[in-house]
Amino acid sequence: MDVQALLTILAINVVGIYSPGPDVFLIMRLATKSRRHALAAVAGISTAVALWVALTVFGVATLLSTAPEAMGIIQLVGGLWLAYMAYGMARSARVQWGQSVEELGVDDHSNILGSLGHSYRAGLLTNLANPKAVLYFAAIMAPLMPTQAPLWVSVVLVIVIVVEVALCHGLIAVTVSTERIKRRLLGAGAYIDAAAAAIFGLFALALFIKGVSALVGA
């Protein structure tokens, strides 16, 4: 793989990274309350991306594209996870409702967000919830990957894409979690969590519909 092909893949992937979706909404929601929790979610998302890209470069994307029933089952499970996330965010919004900025504070939100491990798992499972990620990576990489590429090329590609994802998502986490922005958004925490719950609920519904359609049409 030449440098131009690699840069093309990375450029296309940047657009995908910053497109509104569960990953971005999760990071932004956490970053308004805690930079550490947001970065933990970034680490979880990056771990999931490493798995998807590895599956893609080693040919599993082809198997999934020819097994709609497997895709449908994974989408149903992913929809359940996103629905669970939506429920948790709705509960968090209710906890914060009516509280002042002074009551909420700007430093410690572990009572709302849970542990760093919880945020890591949230990022990991949120990204894994959509198995079409592997088809997305196949779509942007297949046309530019050399046929019968040596193992080291595949490994380098996985590493570079994961680093790109971590840096781009990390930039969102660090930017949104600056004290100035966080203080401005803190008072709207209940509204942000309520909006995030609604968005995750819609994504969950979309995955349910796609999963059922895949299974019915299989």
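His37 is part of helix H3 in this predicted model, where helices (H or I, at least four residues) and strands (E, at least two) are DSSP runs numbered from the N terminus. Residues are numbered from 1 along each chain as its sequence is written. Local features need pLDDT of at least 70 and side-chain atom pairs count only at pLDDT 80 or more, while totals for chains, interfaces and linings use all residues; side-chain values use heavy atoms, without hydrogens and water.

With a relative accessible area of 4%, His37 is buried (under 20%; exposed is over 50%, partly exposed in between, with a 1.4 Å probe and protein chains only). Apart from neighbours within four places in sequence, His37 contacts Leu30, Leu113, Gly114, Ser115, Leu116 and Ser119, contact meaning heavy atoms within 4.5 Å.

Helix H2 (residues 22-31) packs against helix H3 (residues 35-57) at an angle of about 160 degrees, the axes being 7 Å apart. Axes are lines fitted to C-alpha atoms, for helices over the stretch in contact, and angles run from 0 to 180 degrees between N-to-C directions. H2 is therefore roughly antiparallel to H3 (over 145 degrees; under 35 is roughly parallel, 65 to 115 roughly perpendicular and the rest oblique). On the H2 side, Asp23, Leu26, Ile27, Leu30 and Ala31 meet His37, Ala38, Ala41, Val42 and Ile45 of H3.

The unreviewed UniProt entry annotates "transmembrane region" at several stretches, including residues 70-90 and 151-176; such annotations may be inferred rather than shown by experiment.
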